[in-house]
Amino acid sequence: MRNSKVVSLEEAIRKSGLKDGMTISFHHHFRGGDKVVNLVVDQLARMGYKNLHLAASSLSDVHSPLIEHIKNGVITKISTSGLRGELANEISHGLMKEPVIFRSHGGRGSAIASGELHIDVAFLGASSCDELGNASGCPRSENAKSICGSLGYALPDARYADHVVVLTDDLVAYPNVPKSISACDVESVVVVDSVGDSSKISSGAIRDSKNPRDILLAKQAAKVIINSGYFKDGFSIQTGTGGASLAAVKYIRESMIEKGIKASFALGGITAHMVKLHQEGLIGKLIDVQSFDKVAAESIASDQDHQEVSSVEYASAEHKGSAVHALDIVILSALEVDVNFNVNVLVGSDGIIRGAVGGHPDTAEDSALSIIVCPLLRGRIPCVVPKVTTLITPGKSVDVVVTEYGIAVNPARHEIAERLVEAGLKVVDINDLAAKAKSIIGEPDALPFGNKVVGIVVDRHGDVLDEIRNIED
Amino acid sequence: MEIKNAMAGTLESGDILIQVEPGKGLQVDLQSSVSAQFGRQIKAVITDTLKGLGVENASIKATDKGALDCTIRARVTAAVVRATGKDVWKD
């Protein structure tokens with residue numbers, strides 16, 4: 001084809017004008033199956049690059065090869081929403097000189113749009129792409145290998161990066177429409193063996209739980225929603241990735257059918273549960289920044305009412321048109337909630353980074369009703385604590401905490417507490433939950449934190465919210 | 001009290017595996033997923049349970065996956081019953 005942008009990865013990197021010290025970016029739509037980050041950074045290392053800033057929408061277990069690239073000085077700075085696995089463990093123990101910058105999904109979108117997070121070269125994996133760079137997360141040929149659905153987290157990168165390289169494992173005939181990433185934003189197209197393993201998208205945080213405690217929590221969360229005052233025809237909803245919050249959808253569905261209530265839209269990471277409700281006519285539209293499983297990825301490819309949004313359109317604080325501003329109810333999980341309703345979803349109770357900020361603070365702040373679902377204890381680890389290890393979502397954004405020992409309502413939302421009590425639900429003081437946890441597990445010893453700052457949590461408005469210190473063994 | 005090699009418990013999350021061997025004095029070697037916060041407490045529960053059962057000489061290897069105190073006591077007791085042949089529940 002005339003004007004074809006297809007080149008080798010090495011050539012694409014040379015053409016990009018990338019220099020030492022610059023910022024490269026990636027999306028995480030393949031989650032645990034991502035192959036792009038490792039492929040590109042390996043190539044950059046071979047080409048002798050040093051001192052790069054890796055700005056990914058998130059990183060997971062699969063990115064442990066970055067440890068070597070950090071040790072060799074190829075990567076010296078990271079910005080991300082999350083870190084898991086061995087990479088997270090090493091960084092928590094002080095692997096990097098510079099702290100990792102953690103942003104929420106909405107916060108990252110805003111920072112890219114405002115220029116606060118400037119991307120020099122974006123390397124964006126796509127399930128299909130034509131020779132000019134029209135790219136999509138949807139399959140467009142029989143040869144499609146890696147399907148991720150929405151490319152929502154990649155869209156700010158595509159739009160605002162100085163130089164955009166699309167990597168694909170399915171080069172299709174022009175025009176690849178409908179497109180997510182426009183050829184007008186793309187400088188080079190690189191064909192690779194595989195951009196990701198789609199079967200691993202629904203790994204990591206996303207579980208369809210059969211755990212009886214999760215099911216109990218899910219049922220309680222559904223009762224909270226139904227009696228909250230926000231369960232009305234035309235309501236909107238988002239669920240987080242925890243087993244209980246995903247399962248809650250099943251129980252809300254039963255009530256929707258029974259009462260003849262329909263939702264106007266579901267937002268966020270879209271799952272098979274949400275697609276099912278939509279196909280049953282219970283949810284009008286699906287607004288999808290990230291397809292969380294194969295069913296969601298297939299739905300977005302074929303259903304006009306299932307639409308992709310960028311992370312800016314999804315959850316930016318600055319843009320009043322972002323979807324979170326229209327969101328009624330969000331169900332979220334937590335590693336820890338404290339007695340002031342502050343939530344930590346990033347750092348484990350052992351002080352080691354093991355999660356992601358995600359859209360947690362974005363949706364909690366802007367929704368009308370935010371519900372945190374978590375067990376009182378995970379093994380011996382308390383989830384309701386006097387003070388969170390790391391602050392991710394401030395308590396003023398959190399309305400209700402559902403545990404198997406009772407439901408705590410933020411005192412600022414006493415009207416919700418009254419409705420729940422009236423419905424016969426067990427509403428308790430959050431201090432009593434923390435005390436109950438302590439009575440079972442005892443008083444934990446202080447964690448062996450060092451003095452080195454290994455992570456900085458930036459809130460969705462761009463301000464520093466908390467610091468993460470290294471953990472010493 | 002004669003001690004034979006014995007064990008109780010599993011490596012499941014929320015459980016603890018207790019392995020008892022003959023030893024001089026009480027030695028507790030603990031590996032725990034929550035050692036930073038609870039290692040001290042877990043060792044104390046193991047030692048107290050052993051002493052409560054009259055065990056003064058034994059080497060204990062404990063592999064903990066976040067067990068609660070009640071579970072730890074139950075597993076230590078079961079391991080000691082197996083190690084000594086003395087059924088504390090019956091006798």
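Let's start with one pair of residues: Gly455(A) sits opposite Ile468(A), which belongs to strand S27(A). Before going on, a word on the source: this is a predicted model, where local features need pLDDT of at least 70 and side-chain atom pairs count only at pLDDT 80 or more, while totals for chains, interfaces and linings use all residues. Residues are numbered from 1 along each chain as its sequence is written, and chains are lettered from A and ligands numbered from 1 in the order in which they are written.

Okay, back to the strands. S26 of chain A, residues 449-458, pairs with S27(A) in the antiparallel sense, over 6 bridges. Pairing here takes at least two DSSP bridges between two strands. Helices (H or I, at least four residues) and strands (E, at least two) are DSSP runs, numbered from the N terminus.

So where do these strands belong? In chain A there's an open sheet of 9 strands with mixed pairing, ordered S10-S9-S6-S1-S2-S3-S5-S26-S27. Its edge strands are S10 (188-191) and S27 (464-471) of chain A, each pairing on one side only. On average, neighbouring strands are turned by 25° against each other, direction ignored. For axes, think lines fitted to C-alpha atoms, for helices over the stretch in contact, with angles from 0 to 180 degrees between N-to-C directions.

Now, which strands does helix H1 of chain A touch? H1(A), residues 9-16, packs on the sheet against S6 (121-126), S9 (163-168) and S10 of chain A, and its direction makes about 160° with that of S10(A). Contact means C-beta atoms, placed from the backbone, within 7 Å.

H1(A) has a helix partner too. Its axis and that of H2(A), residues 36-46, come within 10 Å and cross at roughly 70°. That makes H1(A) roughly perpendicular to H2(A), a label covering 65 to 115 degrees. On the H1(A) side, the contact is made by Leu9(A), Glu10(A) and Ile13(A); H2(A) brings Val40(A), Gln43(A) and Leu44(A). By class, we get 4 nonpolar, 1 polar and 1 charged residues. Ala, Val, Leu, Ile, Met, Phe, Trp, Tyr, Cys and Pro count as nonpolar, Asp, Glu, Lys and Arg as charged, and the others, Gly among them, as polar.

Zooming out, chain A comes to 14 helices and 27 strands. Its C-alpha trace spans about 70 × 55 × 35 Å along the principal axes.

Last stop, chain B. The contact takes 12 residues from chain B and 12 residues from chain A. The chain B side has 5 nonpolar, 5 polar and 2 charged residues.

Definitions and conventions:
Contact = placed C-beta atoms within 7 Å. Parallel < 35°, antiparallel > 145°, perpendicular 65-115°, else oblique.
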